[in-house]
Amino acid sequence: QVQLVESGGGLVQAGGSLRLSCTASKLTFSKYAMAWFRQAPGKEREFVAKISGAAVNTRYTDSVKGRFIISRDNATNTYLQMNALKPEDTAVYFCAVLKWYGTTDVQFWGKGTLVTVSS
């Protein structure tokens, strides 16, 4: 069974930065596109960013463009560098394995890590 474990969440002041990490196991990592989603209190889960298996292509939702950077290494890790954080970025952030890069359909989910941005 594929496992995704997120880490790096926490409390940060507006304008600050956090780096989220996601470690995958039991997965041929380089074959799969990876993504980050988030779910704010009382809202639906939404797409944040994705990266192709070879790390050549990335895509972001408009609200995080220029502030967040998704990356991955050659091992099993996917990262989300979050800069210039805003209170509206407060959410549980989920790592996900996509069915393929051209979609946001998810094969596997992590359990999430909470990010709280104070004003």
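I started with C22 and C95, which form a disulfide with their sulfur atoms 2.1 Å apart; the rule I used takes a pair of cysteine sulfur atoms within 2.5 Å. By this rule I count one disulfide. C22 sits in strand β3 and C95 in strand β9 (residues 91-98), so the link ties together parts that are 73 residues apart in sequence. Strands here are DSSP runs of E, at least two residues, and helices are runs of H or I, at least four, all numbered from the N terminus. The torsion about the S-S bond is -75°, which I noted as left-handed. Both C22 and C95 are buried, where buried is under 20% relative accessible area, exposed over 50%, and partly exposed in between (1.4 Å probe, protein chains only).

A note on the source: this is a predicted model, where local features need pLDDT of at least 70, side-chain atom pairs count only at pLDDT 80 or more, and totals for chains, interfaces and linings use all residues. Residues are numbered from 1 along each chain as its sequence is written, and side-chain values use heavy atoms, with hydrogens and water left out.

Next, the rings. Which residues form the aromatic cluster? I found F37, F47, F94 and W109 in one cluster. Rings of Phe, Tyr and Trp (its six-membered ring) pair if their centres lie within 6.5 Å; planes under 30 degrees apart are stacked, over 60 edge-to-face, the rest tilted. That rule gives me three aromatic pairs. One of them is F37 with W109, edge-to-face at 4.9 Å centre to centre and 65° between the planes. This pair links distant parts of the chain, with F37 in strand β4 (residues 34-39) and W109 in strand β10 (residues 106-109), 72 residues apart. F37 is buried at 7%, whereas W109 is partly exposed at 39%. F94 and W109 have ring centres 6.2 Å apart and planes at 80°, so I logged that pair as edge-to-face too. F94 is in strand β9 and W109 in strand β10, 15 residues apart in sequence. F94 is also buried, at 7% relative accessibility.

Then I looked for charges over rings (NZ of Lys or CZ of Arg within 6 Å of the ring centre and within 35 degrees of the ring normal). The charged end of R19 sits over the ring of Y79, 3.9 Å from its centre. R72 lies over the face of F29 at 4.2 Å.

Last, S25 in strand β3 (residues 18-25). I have S25 as partly exposed, at 26%. Beyond neighbours within four places in sequence, S25 is in contact (heavy atoms within 4.5 Å) with Q1, V2 and Q3.
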